[in-house]
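I opened this one with a notebook beside me and wrote down what I looked up, entry by entry.

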Amino acid sequence: MPPDADTHQTNITGRCYCGAFSLRASRPQVVTFCHCIDCKRITGSPLPAFAAFNLGDIVFSPSAGQERTYPTGVHRWSCDQCGSLLAAQFPYLEGQTYVPLGLIDQAADLPPTLHCHADAAMPWLPKDDLPRSAGSGRNQLRRAKT
Ligand SMILES: [Zn+2]
Ligand SMILES: [Zn+2]
């Protein structure tokens, strides 16, 4: 059996800005906004959004790029050519890989369902009816694990 002949759907695709790194994955466990200052700075966006995948449900090609561990315990990967953030893993969200939603080709069909760190949201953002977590939302995010 070929190594990737598994039962997972691989209908999600994505890539960095320059295309040197790509990904394919099955449906994410959860898609969320994160308004924390760390996510804003690391992405450069005032409204960062991420899709969370089970570790075994996402494959990067040829790899997830250059790994950085800042701060200690947080792992992030980025393209060493164009600089796009490709993936992040957090010690308090074990077993999940977070991908910036903007990398994903099907992002238009993957609306976020949660606001994390909602207290830090930009005051000029239009309000919606999604659940809002004042903190990291880690309980909701962990519960989304399958
Ligand atoms: Zn790139
Ligand atoms: Zn965040």
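**Entry: Thr32 and its surroundings**

I am working with a predicted model, so I keep that in mind throughout. I began with Thr32 and asked what it touches once its neighbours within four places in sequence are left aside. The list I got is Pro48, Ala49, Phe50, Pro112, Leu114, His115, Cys116 and Leu141. Thr32 belongs to strand β3, which covers residues 30-34.

Is Thr32 buried or exposed? I read off a relative accessibility of 2%. Buried means under 20%, so Thr32 counts as buried. I also looked at its side chain: a polar atom there sits 3.1 Å from the backbone oxygen of Leu114.

**Entry: zinc ion, ligand 1**

Next I went to the metals. Which residues coordinate the zinc ion (ligand 1)? I found Cys16, Cys18, Cys79 and Cys82, each through its SG atom, at 2.3 to 2.4 Å. The angles among the four donor atoms run from 105 to 114°, and I noted the site as tetrahedral. Along the sequence, the spacing of these donor residues reads C-x1-C-x60-C-x2-C.

Cys79 has a relative accessible area of 3%, so it is buried. Cys82 comes out at 28% and counts as partly exposed. Cys18, at 39%, is partly exposed as well.

Setting aside neighbours within four places in sequence, I see Cys18 in contact with Cys79, Gln81 and Cys82. Two of those names, Cys79 and Cys82, are also on the donor list of this zinc ion. For a sense of distance, I took Cys18 and His115: they are 97 residues apart in sequence, and their C-alpha atoms are 29 Å apart.

I looked up Cys34 and Cys39 for burial, and both are buried.

**Entry: the largest pocket**

How much space lies in the largest pocket? I noted about 380 Å³. It is lined by 21 residues, and those closest to its centre are Cys36, Cys39, Arg76, Phe90 and Tyr92. Elements giving two or more residues to the lining are β3, α1 (37-43) and α2 (138-143). The biggest share comes from α1, with four residues.

**Entry: Gly14**

I found Gly14 in strand β1, residues 12-15. Its relative accessibility is 5%, so I put it down as buried. Gly14 and Ile104 are 90 residues apart in sequence, but their C-alpha atoms are 4.1 Å apart in space. Beyond neighbours within four places in sequence, Gly14 contacts Ser22, Leu23, Leu103, Ile104 and Asp105.

I went looking for exceptions.

The peptide bond from Ser61 to Pro62 is cis, with omega near -5°. Pro62 lies in the loop between β5 (58-61) and β6. A cis peptide bond also joins Tyr70 and Pro71, with omega about -10°. I located Pro71 in the loop between β6 and β7.

Then there is His117, which is not a glycine but has a positive phi of about 50°. I placed His117 in the loop between β10 (115-116) and α2. It is partly exposed, with a relative accessible area of 25%.

**Entry: Thr69**

Last, I looked up Thr69, in the loop between β6 (66-68) and β7 (75-78). Its relative accessible area is 45%, which makes it partly exposed. With neighbours within four places in sequence left out, Thr69 is in contact with Val74 and His75. I also noted Ala88, 19 residues away along the chain, with 9.6 Å between its C-alpha atom and that of Thr69.

Key. Residues numbered from 1 in each chain as written. Chains lettered and ligands numbered in written order. Predicted model: local features only at pLDDT ≥ 70, side-chain atom pairs only at ≥ 80, totals over all residues. Heavy atoms only, no water. Buried < 20%, exposed > 50% of the residue type's maximum accessible area, 1.4 Å probe, protein only. Donors = N, O, S within 2.8 Å, 3.2 Å for Na, K, Ca; no water. Tetrahedral: all angles 85-135°; square planar, octahedral: opposite > 155°, others 65-115°. Polar contact = N/O pair within 3.5 Å; in protein donor to acceptor, adjacent residues only side chain to side chain. Contact = heavy atoms within 4.5 Å. 1 Å grid on protein atoms, 1.4 Å probe; cavity = no way out; pocket = protein on both sides within 12 Å on 5 of 7 lines; lining within 4 Å. Points joined across faces, edges and corners; volume = space filled by probe spheres on them.
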